Amino acid sequence: MTRETDVEPMQGRLVVASNRLPVVLDRGRDGRWRAEPGSGGLVTAMRPVLQGRGGVWVGWPGADPEQDGTGLRKALDELSEGSGYSVHPVLLTEKEKEDFYLGFSNQVIWPLFHDFQTQCNFDPRFWETYRKVNRKFAEALREVSREGDFLWVHDYHLMSVAEDLHALGVKSQTGFFLHIPFPHLDLFVKLPWRFSILRSLLSFDLIGFQSARDRSNFLQCLDALLPSAEIGGKPTDRVRLVRLGDRHVRVGVFPIAIDFEEFASEAASSEVSERAARLRAEGLGRKLVLGVDRLDYSKGVPHKLKGFRLALKRYPDLRERVTLVQLVIPSRENIPEYERLKMEIERLVGAIQGEFTRGDWAPIHYQYGHWDRVELLAHYREAAVALVTPLKDGMNLVAKEYCASSLEGEGVLILSEYAGATAQLQNDALLVNPFDVEGVAEAIHEGAIMSREDRRRRMGSLRRTIQDFDLSWWVDSFLKAAREDGWRDLPSVHTFQPQPPEGFFSF
Ligand code: GDG
């Protein structure tokens, strides 16, 4: 389903830039490139927007240009014709891919911004290439945009683009959205290029974060490292203003969302219903506990496995009654840390199977790979409990997709305190600190035995929140914030503070 949004940010077109174009390229046996639409959180969010209002999407197509630049452009043009917007490739060399994408983006910014400072490789060559590639993106934006367009740049790969746009004399208004968390000052100061990154970000006209936590970290960094920046507004304002010299920058909180109606209607389709019924039959009446995570150390997969093991140990009544289905999606396999993580997960799964398997019941169904959409939605629909335990996450769309697909309204969401989604879903999810293995085990037990009434009440409320703040709300709010006065009447932000347990003594 495609949806148009009702907000005109300005008179011009929308030009989106992200590291990857929303395509998967494949070279057929005849040697010709074919471009298929891609998937993923950012793509799912932005594609309907561009389809509805037209515009341009600028990004790396994911293929090696040296092999056949011309054929590649032709395949992309063909895709543009059918999609309602045009795509414009930024071509990267092997070295740029290594140092910009695998290097600076995924071995500096990704670990640091997810609180894994010890996994950072602060190689100065990575930074040099990052700057060069950001410049390349800015040049591409200058080439495709015209005055009055709104340039919407996405994510940590492209934090310096606006600074380059200024240097190139581009006058269009710009917005930036960070899909991942922004770290606390104590971590951010470790970054050798901390001043450059802050100044580059302040070259955008609007900066959007996923949660109040991330914006507050960013503002704290500004306060400490660029004291000449004046910060206006209150922590609960959707948009706050920062003044640096003659620049005025809006800094907002826009939790990314899903197309609720699309998930709900697809989950109700006959294909998904049939697959869900088969899963139920195969499960022999056992409760399905579900985990869906990209292979990434930020997702806390070993932590959830340890929590599940402890739950089975402490509560023998769970044995043979619940099965954990854990999908791990391959990601960044060229980085050694990801290979190590995969081995750790597989070792833990093996140990738990060895300890608890009885007769025809194995406690875990572990899959390393991809599911198609029907398989994913059937699992969401059938799962009695979703176990979402990231150690840090910008948002976590899986948590929202699970609720939207939980059509009977009886699923239980166990959610980490460190997911961006927690600020919105804290009242009705079972919250856990994933580092607290006992807390995770207790939540699994509580989720498995929760009364139907309680489950319905919680899931009903989760679904309403996700529906009220859905994808079109997210896009509209961002674009409203970019307009002259549009941001003034946006609703206030959700915040999250861990609550002390009852009876906890405070001074
Ligand atoms: C980043 C931030 C933020 C996964 N496996 C399959 C599959 N998926 C889809 C899910 C979901 C998406 O991939 C994963 O999104 P997440 O939000 O959980 O995580 P990241 O990939 O880390 O995304 C994150 C997001 O950006 C958006 O701003 O929420 O915090 O880290 O949509 O459904 N889809 C299919 N088969 C799979 O096997 N079809």
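In the predicted model described here, 19 residues surround the ligand, with His-179, Trp-371, Asp-393, Leu-397 and Glu-401 the closest, where a residue counts as near a molecule if one of its heavy atoms lies within 4 Å of it. Residues are numbered from 1 along each chain as its sequence is written. Because this is a predicted model, local features need a pLDDT of at least 70 and side-chain atom pairs count only at pLDDT 80 or more, while totals for chains, interfaces and linings use all residues; side-chain values use heavy atoms, with hydrogens and water left out.

Polar contacts, which are pairs of N or O atoms within 3.5 Å (within protein, one atom must be able to donate a hydrogen and the other to accept it, and residues adjacent in sequence count only if both atoms are side-chain atoms), are found between the ligand and several residues of the protein. A polar side-chain atom of Glu-401 lies 2.5 Å from an oxygen atom of the ligand, and a backbone N or O atom of Trp-371 lies 2.6 Å from a ligand nitrogen atom. In the case of Gln-210, an N or O atom of the side chain is 3.1 Å from an oxygen atom of the ligand. Of the 740 Å² of accessible area that the ligand has on its own, the protein covers 84%, the areas being calculated by the Shrake-Rupley method with a 1.4 Å probe, and for residues with only the protein chains shown as cover.

Two or more residues of the shell come from each of the elements β13 (322-329), α13 (373-382) and α14 (397-405), and α14 gives the most, with three residues. By residue type, the shell divides into ten nonpolar, five polar and four charged residues; Ala, Val, Leu, Ile, Met, Phe, Trp, Tyr, Cys and Pro count as nonpolar, Asp, Glu, Lys and Arg as charged, and the others, Gly among them, as polar.

The domain assignment of the chain gives domain 1 (14-253) and domain 2 (260-468), with bounds that come from an automatic or database assignment. The centres of the two domains, taken over C-alpha atoms, are separated by 30 Å, and their contact (heavy atoms within 4.5 Å) takes 20 residues from domain 1 and 18 residues from domain 2. Both domains give residues to the shell around the ligand, so the ligand lies between them.

His-154, in strand β6 (residues 150-154), counts as buried at 0% relative accessibility, where buried means under 20% relative accessible area, exposed over 50%, and partly exposed in between (1.4 Å probe, protein chains only). The side chain of His-154 makes a polar contact of 3.0 Å with the side chain of His-179, a residue that is also among the closest to the ligand, and another of 3.5 Å with that of Trp-152.

Gln-326 lies in strand β13 and is likewise buried, at 1% relative accessibility. Its side chain makes a polar contact of 3.1 Å with the side chain of Lys-304.

Ser-416 is placed in strand β16 (residues 412-416) and is buried, with a relative accessible area of 0%. The side chain of Ser-416 reaches the backbone oxygen of Pro-390 at 2.6 Å and the backbone nitrogen of Tyr-418 at 2.9 Å.

Note on methods: Helices (H or I, at least four residues) and strands (E, at least two) are DSSP runs, numbered from the N terminus.
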